[in-house]
Amino acid sequence: MNSGDHNIEGEVQRLRSAAYRLEVAGLKPARLGIVLGSGLKDFAEHLEDPIVISFNDMPEFPRTRVRGHGGELIQGRVGDTLVHCLTGRVHLYEGHHVWEVVRAVRTLALFGTSNFLLTNAAGGIRKDLAPGTLMLLTDHINMTGTNVLLGDHHECLGPRFPPMSRVYSETARKILQSASPKPLAEGVYAQMMGPSYETPAEIRMLSLVGADAVGMSTVPEAIALHAMGCRVAAMSLITNNAAGVTEDVPNHDEVVSEGAKAAKRMSKLLLSAIPALGRLGRRKANC
Ligand code: HPA
């Protein structure tokens, strides 16, 4: 995307056109939107009466190119709860503009979904966050050097200066905690731009500034959705120890295979939390 395309009116037009395409395809606004991160897309297999829309049929959506990431919007039910799953996402490190990174979730929000669960793979910085741990986000640190709300403002996407004091819903977090057979870890997620993993010195810095886990996604989506008035919950699957925490060196194969190993556990948790998450009130999008 070149800088000439960064016109906010054009962007909102693209979002409206994408939302209209979903309506034409017969989709309905869901009670919950879920973004499935690296290696976690198998959850979508649990959806009943699925309708699958490939990102290839959504000309407004950018294409993901990362192994382990799908590229579909799947509508389906968990019991009575209508859910939209995005199997995979696009990332800043692929060279996408930050508006492209959030286009799919903003489309769902415009379409009428107001509760979201964002999932990702992350490296554990805090000592107790070993590979295989699920961590609920209590807050984030944006280390990407960009912000999804940068540029011209459009009311449709939220206020000019939205507060970020409570991005991650405590209510949704409590629901996820009660759905888990044992207490889930909680912590602060820092997003780096990537795609290189961090150096041990960067991880020491992140630890000093209060980060418990580190990854390369989620923060633009959380900021964009929270600004739009949506309720956001987010969960990291810790796939590896962050650089320098142990002798191990992070690698993408490990991230994908830990994702696959934990997918069953995460799916079980989501299946039991979704009915209550789906009952959380709706919030009306502003346009
Ligand atoms: N660093 C950044 N992103 C990641 C990591 C990591 O250690 N693990 C999974 N995603």
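Trainee: Which residue forms a salt bridge with Glu-170, and how far apart are the closest N and O atoms?

Mentor: In general, one looks for a side-chain nitrogen of Lys or Arg within 4 Å of a carboxyl oxygen of Asp or Glu. In this predicted model, Glu-170 pairs with Lys-174, and the closest N and O atoms are 3.8 Å apart. Because the two residues lie 4 residues apart in helix α4 (residues 170-179), about one helical turn separates Glu-170 and Lys-174.

Trainee: Are Glu-170 and Lys-174 buried or exposed?

Mentor: The idea is to read the relative accessible area, where exposed means over 50% and buried means under 20%, with partly exposed in between. Lys-174, at 53%, therefore counts as exposed, while Glu-170, at 48%, counts as partly exposed.

Trainee: Which parts of the chain does the salt bridge between Arg-173 and Glu-186 link?

Mentor: Here the side chains of Arg-173 and Glu-186 meet at 3.6 Å, N to O, and this pair links distant parts of the chain, since Arg-173 sits in helix α4 and Glu-186 in strand β7 (residues 185-191), 13 residues apart. Arg-173 is buried, with 14% relative accessibility, whereas Glu-186, at 29%, is partly exposed.

Trainee: What is the distance between the closest N and O atoms of Arg-21 and Glu-60?

Mentor: That distance is 2.6 Å. The partners come from distant parts of the chain, 39 residues apart, with Arg-21 in helix α1 (residues 8-24) and Glu-60 in the loop between β2 (48-54) and β3 (72-78). Glu-60 is buried at 7% relative accessibility, and Arg-21 is partly exposed at 33%.

Trainee: How many salt bridges does the rule give?

Mentor: The count comes to 10 salt bridges.

Technical notes. Residues are numbered from 1 along each chain as its sequence is written. This is a predicted model: local features need pLDDT of at least 70, side-chain atom pairs count only at pLDDT 80 or more; totals for chains, interfaces and linings use all residues. Side-chain values use heavy atoms; hydrogens and water are left out. Buried means under 20% relative accessible area, exposed over 50%, partly exposed in between (1.4 Å probe, protein chains only).
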